[in-house]
Amino acid sequence: MSDYFLEIKDLKTHFPVERGIFFRHEVGRVKAVDGVNLSQSQGEILGLVGESGCGKSTLGRSILQLIRPSSGEVMLDGKSLTRMQGEALRLARADFQMIFQDPFASLNPRMTVLDALSEAMLTHNKALSEQELKPTVTGLMKRVGLSPQYLRKYPHEFSGGQRQRIAIARALAVNPKLLVADEPVSALDVSIQAQIINLLAQLAKEMDLTLIFISHDLSVVKHISDRIAVMYLGRIVELGPAEEVFSNPLHPYTKALVSAVPTADPHSERQRKRIILPGDPPSAMNPPPGCPFHPRCPYAINDCSQTLPAFDSLDGSHHQASCIRLRELEPGVPNQA
Amino acid sequence: MPLLTVEDLKTSFHTREGITAAVNGVSFRIEHGETLGIVGESGSGKSVGCYSLVDLIPRPPGKIESGKAIFDNTTDLLSCSHSTLQGIRGKRIAMIFQDPMTSLNPYMRIGDQLIEPLLIHFDMKRKQAIRKGIEALEEVGIHDAENRMRSFPHEFSGGMRQRVMIAMALITEPDLLIADEPTTALDVTVQAQILELIQREQENLGMAVILISHDLAVVSGFCDRVNIMYAGRIFETGPTEEIFYNPQHPYNRALQKSIPGLQAKGEELYTIKGMPPDLSKRVTGCPFSSRCEYAVDYCSQEPIRLAETSPGHSTACLRVQKENLTV
């Protein structure tokens, strides 16, 4: 037994690409998640960042078995989710829940708040009676900062931020231990974003939730996470304590990412040098050989296209990155004012 | 002499639910070569305001209730004839939109879309226009431009499409570029590329840029002056440094405080309580007063108007104007 609550071992999720009308045949594979190892202790908040198409959402869904991974293993609290099937998996789902990006699409427009929340509860606790249901739902609504007088309202009557609160309440209705939040604040305005981030951080603390927070927004992730994992083209390229990854990035991709995040400060914005990466991320169908980042990497050398670098740290700490020039490169973001 | 002067612009939408005053008395000006940022949350009227200037508001339900927009000291964009406006829009005033996915025609080759403004506004020969189109694509950093002219939009990535949009907008060498959330749909590393490109082109062409964004951070590094909008009004306007280092309106201050990254880890983020007001209902007094931590009795009763508090820096906060409140 390990001390970790969630353990992901060499997880791969590949999507076959098929062609042909009469003779369907596979012409390639999109390697959305390609060998991810990750462990998380209970109550820890892990931020998962990366650009669109890097596989961060697929990873989140593969962990929760919403997409069955092609290979690898996900262990939650000592149980293997990847080996679970059918009814056993359905029952186990009470332990792990998800919040989606778009609160407009993730709620059934024909269900009131009461219906939506009680459906989640009844699915996993059939013994719950009518009398018990309403107070539990009311309690849940209060917990996420919604007034119980909205109990019988429909999703369209709420604003984006309120809808995201309903979605959070619905995920928490079954008392999960693991929560995956996929871009939960990206669709919201700045002033509403802060409310939802505070709520998630507070709930995670209160309920001892293990939280995976997926976002493309580094400043949001930095604020909420204990640790940050940076993904590029289906792999994790850097992993470490949030402050460390931000102030002292090791991997060239993380350096570029951190340097590209604008700050609301005109002076430092004008002085700072950005690492402008050339081009777009390559296709996950035929990733470049060796390090997947090497075609865009400003520090790439010949060896980079030969070998896939292993995960390594500079000083044996928990801050690791996969780059063969790890020890040669100066840590941190270069030329920053 | 300003390039564009907007005075008391009011745009509303007449729907079954009532009249929504999306833009409610907005005045600003932009000089030649200047970069103006317009910041606000969704529904604050930042896009509707700019779309009104170039007649891109669907009418009905939209209606421009009042206002003037004097372009280049001669033409009032809001009252001039349709044909006059057509001669300006897409030629002297160009636009880039948020979503490069939907703003390009999926059935047309990139080249055909790109040179359309040249054929329409300059009566250019097709061959010559194509040559200019290839140059424009190269200018925005698209390799193999000659072959890419024959590609369709779906063959480009998001960042590349936005580059095509920029090439298309700038091909007529406009005096004013309105960029409506040009990088919101893009990744951060691509966002940095695109902003740098717009900045470089601005220097080359000496054009003025209006950057509409919800992201204070993007605006802070890019703009000379900033308008902060809320509920269809300008709440604060001034030089970028003033807006960020010397915020006067409580809303501007609150917005900046709620950006994650400034607080120590584990600390709660500052939040603005409540939600923006429903613009289909008549708001008396300051529309922010119900959410404002500094609000006093008269805030919800007296009408607000923008007034200069220090040279070039104006705010619409009643308490700042009356009591010299510092936030």
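**Ground rules.** I am working on a predicted model, where local features need pLDDT of at least 70, side-chain atom pairs count only at pLDDT 80 or more, and totals for chains, interfaces and linings use all residues. Residues are numbered from 1 along each chain as its sequence is written, while chains are lettered from A and ligands numbered from 1 in the order in which they are written.

**Entry: the A/B contact.** I took the two chains together next. I found 32 residues of chain A in contact with 35 residues of chain B (contact: C-beta atoms, placed from the backbone, within 7 Å). On the chain A side, the elements giving two or more residues are α6 (190-207), α7 (218-224), α8 (242-247), α9 (252-260) and α10 (266-271). Helices here are DSSP runs of H or I with at least four residues, strands are runs of E with at least two, and both are numbered from the N terminus. The largest share, six residues, comes from α6(A). By class I get 14 nonpolar, nine polar and nine charged residues on this side. Nonpolar means Ala, Val, Leu, Ile, Met, Phe, Trp, Tyr, Cys and Pro; charged means Asp, Glu, Lys and Arg; the others, Gly among them, are polar.

**Entry: α9(A).** I checked burial in this helix. Nine of its nine residues are buried (20 or more other C-beta atoms within 10 Å of the residue's own; exposed is 12 or fewer, partly exposed in between, with C-beta atoms placed from the backbone). Among them are A:Tyr253, A:Lys255 and A:Leu257. The buried residues pack against α7, β9 (227-232), β10 (235-241) and α8 of chain A, together with α8 (188-205) of chain B.

**Entry: A:Arg61.** This arginine is found in helix α1 (residues 56-63) of chain A. Why does A:Arg61 count as buried? It does so because it has 20 C-beta neighbours inside 10 Å. Leaving out residues up to four places away in sequence, A:Arg61 touches A:Leu66 and A:Ile67.

**Entry: the chain A sheet.** I traced an open sheet of eight strands with mixed pairing, in the order β6-β7-β8-β3-β9-β10-β12-β11. Strands pair if DSSP finds at least two bridges between them. β6 (96-99) and β11 (312-313) stand at the edges with a single partner strand each, so one side of each has no neighbour in the sheet. β7 (residues 178-182) and β8 (residues 210-215) run parallel, joined by five bridges. There, A:Ala181 has A:Phe213 as its bridge partner.

**Entry: strand β6(B).** I then looked at residues 93-96 of chain B. Both faces are covered: B:Ile93 and B:Met95 are buried on one side, B:Ala94 and B:Ile96 on the other. β6(B) pairs with β7 (residues 176-180) of chain B in the parallel sense, over four bridges. B:Ala94 stands opposite B:Leu177.

**Entry: α4(B) and α7(B).** The axes of α4 (residues 110-122) and α7 (residues 158-170) of chain B come within 7 Å and cross at roughly 30°. Axes are lines fitted to C-alpha atoms, for helices over the stretch in contact, and angles run from 0 to 180 degrees between N-to-C directions. I therefore note α4(B) as roughly parallel to α7(B) (under 35 degrees; over 145 is roughly antiparallel, 65 to 115 roughly perpendicular, the rest oblique). The contact residues include B:Leu114 of α4(B) and B:Ala167 of α7(B). The classes are six nonpolar, one polar and no charged.

Definitions and conventions: Contact = placed C-beta atoms within 7 Å.
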